[in-house]
Amino acid sequence: MHTWLRLSCLMLTLALVSCGGKSSSSRADSPIGGSGSVGSLRISQVVIPAPPPGADATSAFLVVENAGDTSVVIDGVSADGVRAVRIHETIGGQMQRLDQVAVPPGTRIRFAPGGIHLMMEGLAGVLSRGDTVALSLTLTTGETMTILAPVLRYGEAVRAVQ
Ligand SMILES: [Cu+2]
């Protein structure tokens, strides 16, 4: 794995540890981040932490909820200006790449530090707080949803999906 990605995954792990049990500043009632729906899947709180200066990769966080009666499977993710977006899962401190994520009916899955998350590898340009990235999710049904995700500071992005 790319060195920076290792660092990024370490950051994700550390963020999980350092956030444990601490209550953050008051949460707004309306969630931060992009949102949308595809089929029975509701996608919300889509946010991207700004990469450290010089890095050409970062992660992306979001929440998915399946309000339908059947399982929905996400099997592709892409983003404008990003070479590849991969699905990762942290298991026992190790990163594993997933080909797809199944969202069973009635469940909610957080793509967040320490669990399933997205890695955006090969950024075409500098991504800074205040920028917006068009992130597209594809289901095994072939349906696609594109969501505009704001770039936030790392801590802001983590709080957005808590
Ligand atoms: Cu990762």
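**View 1. Confidence across the predicted model.** This is a predicted model, and its average pLDDT comes to 87. Some 82% of the residues score at least 70. Looking element by element, strand E7 (residues 101–103) has the highest mean pLDDT, at 98, while helix H1 (residues 3–19) sits at the other end with the lowest, 52. Then there's the stretch over residues 14–27, where the pLDDT is below 50. Beyond near neighbours in sequence, that stretch makes six contacts in the model.

**View 2. The run of elements.** Here we have two helices and 11 strands. Starting from the N terminus, the order goes α-β-β-β-β-β-β-β-β-β-β-β-α. Among contacts with a separation of 6 or more, 72% link residues 24 or more positions apart. As for burial, 32% of the 162 residues count as buried.

**View 3. The largest nonpolar core.** This core holds 38 residues, and the ones touching the most other members are Val47, Phe61 and Leu62. Strand E3 gives the most, with six residues. In soluble globular proteins, nonpolar side chains tend to be buried together.

**View 4. Zooming in on Phe61.** Which residues does Phe61 touch, not counting those up to four places away in sequence? The list is Val47, Phe111, Ala112, His117, Ala157, Ala160 and Val161. One of these, Val47, also turns up alongside Phe61 among the residues that touch the most other core members.

Conventions:
Residues numbered from 1 in each chain as written. Predicted model: local features only at pLDDT ≥ 70, side-chain atom pairs only at ≥ 80, totals over all residues. Core = buried A, V, L, I, M, F, W, Y, C linked by C-beta atoms within 7 Å. Buried ≥ 20, exposed ≤ 12 C-beta atoms within 10 Å, placed from the backbone. Helix = DSSP H or I, 4+ residues; strand = E, 2+ residues; numbered from the N terminus. Contact = placed C-beta atoms within 7 Å. pLDDT = per-residue confidence, 0-100.
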